[in-house]
Amino acid sequence: MSTEHTFEEELPTRKATVRLARRVAGLVRPGDLVLLEGPLGAGKTFFARAMLRALGVPASVPVPSPTFALVHRYEGAGRAVLHADLYRLRDEANPLASARALALREDREDGAILLVEWGAGLEGALGGAAEGTLVFDRALEPRRVRVRFPSR
Ligand SMILES: Nc1ncnc2c1ncn2[C@@H]1O[C@H](COP(=O)(O)OP(=O)(O)OP(=O)(O)O)[C@@H](O)[C@H]1O
Ligand SMILES: [Mg+2]
């Protein structure tokens with residue numbers, strides 16, 4: 001089923017990804033978990049940066065990939081937005097416990113929006129099922145993305 005909030009889109013240019021981020025920013029609510037999925041280099045961080053801008057994080061605030069810190073915290077128009085990359089947790093003995101230790105569930109309960117790369121399978125440590133999932137695919141030309149916000 002395809003609805004206004006569950007759709008597939010081509011992303012031929014970075015500008016198209018920025019436009020998509022603005023659209024998705026209009027969908028999210030405080031406390032939402034949004035999973036950004038897809039292989040290395042698929043455009044998850046690029047999308048997260050564009051979405052942070054759309055949520056009000058000024059251009060003067062750098063948005064680097066959270067590869068080393070795992071989680072970066074931003075303030076966008078009065079609401080906290082957390083950007084995480086949990087790729088490295090996959091090598092841990094207990095990825096779920098490691099993810100739980102980041103206390104993102106508590107941030108989410110406090111109303112923070114969570115944008116999480118490589119978070120699939122770790123939802124249990126992130127406060128439960130995601131409200132939104134975007135799966136980026138760069139294997140095809142042009143790139144494309146599948147967006148799902150099933151309850152919106
Ligand atoms: N249409 C597009 N949308 C997004 N990124 C694009 C697009 N076209 C080219 N790019 C480029 O693709 C790269 C995507 O890298 P990005 O760091 O966002 O990937 P990633 O999915 O976060 O990878 P990783 O899993 O390593 O974190 C960027 O260099 C970006 O400029
Ligand atoms: Mg990334």
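Helix α2 gives the most to the shell around ligand 1, with 3 residues. Helices here are DSSP runs of H or I with at least four residues, strands are E runs with at least two, and both are numbered from the N terminus. α2 covers residues 44-54, and α1, residues 14-25, also supplies at least two residues of that shell.

A word on the model before I go on. This is a predicted model: local features need pLDDT of at least 70, side-chain atom pairs count only at pLDDT 80 or more, and totals for chains, interfaces and linings use all residues. Residues are numbered from 1 along each chain as its sequence is written, chains are lettered from A and ligands numbered from 1 in written order, and side-chain values use heavy atoms, leaving out hydrogens and water.

Back to ligand 1. Which residues come nearest? Of the 16 around ligand 1, they are Arg14, Thr17, Lys44, Thr45 and Phe46. Near means that a heavy atom of the residue lies within 4 Å. By type, the shell divides into 6 nonpolar, 5 polar and 5 charged residues.

Thr17 puts a polar side-chain atom 2.6 Å from a nitrogen atom of ligand 1. Lys44 has a side-chain N or O atom 2.7 Å from an oxygen atom of the ligand. Gly43 works through its backbone: an N or O atom there lies 2.9 Å from a ligand oxygen atom. How much of ligand 1 does the protein bury? Taken alone, the ligand exposes 650 Å², and the protein buries 75% of that. Those areas come from the Shrake-Rupley method with a 1.4 Å probe; for residues, only the protein chains shown count as cover.

Next, the metal. Ligand 2 is a magnesium ion, and its protein donors are Thr45, through OG1, and Glu117, through OE, at 2.0 to 2.1 Å. The two come from distant parts of the chain: Thr45 sits in helix α2, Glu117 in strand β5, 72 residues apart. A donor is an N, O or S atom within 2.8 Å of the metal, or 3.2 Å for Na, K and Ca; water is not among the atoms, so sites may look incomplete.

Are Thr45 and Glu117 buried or exposed? Both are buried. Buried means under 20% relative accessible area, exposed over 50%, and partly exposed in between, with a 1.4 Å probe and protein chains only. Glu117 has a partner too: its side chain makes a polar contact with the side chain of His83, at 2.7 Å. His83 lies in strand β4, residues 79-85. His83 counts as buried because its relative accessibility is 0%.

On to the strands. Two strands pair if DSSP finds at least two bridges between them. β2 runs parallel to β5, residues 113-117, with 4 bridges, and Leu33 stands opposite Leu114 there. β2 also pairs in the parallel sense with β6, residues 132-137, over 4 bridges. In β6, Val135 is the bridge partner of Glu37.

β3 pairs with β4 in the antiparallel sense over 6 bridges. Tyr74 stands opposite Val81 in β4. The two strands form a hairpin with 2 residues between them, and Ala77 in the turn has a positive phi of about 45°.

Finally, some backbone details. Leu70, in the loop between α2 and β3, has a positive phi near 75°. Leu70 counts as buried because its relative accessibility is 11%. Ala103 has a positive phi of about 60°, although it is not a glycine. Ala103 counts as partly exposed because its relative accessibility is 29%. And a cis peptide bond joins Glu141 and Pro142, with omega about -5°. Pro142 is in the loop between β6 and β7.

Terms used:
Polar contact = N/O pair within 3.5 Å; in protein donor to acceptor, adjacent residues only side chain to side chain. Nonpolar A, V, L, I, M, F, W, Y, C, P; charged D, E, K, R; others polar.
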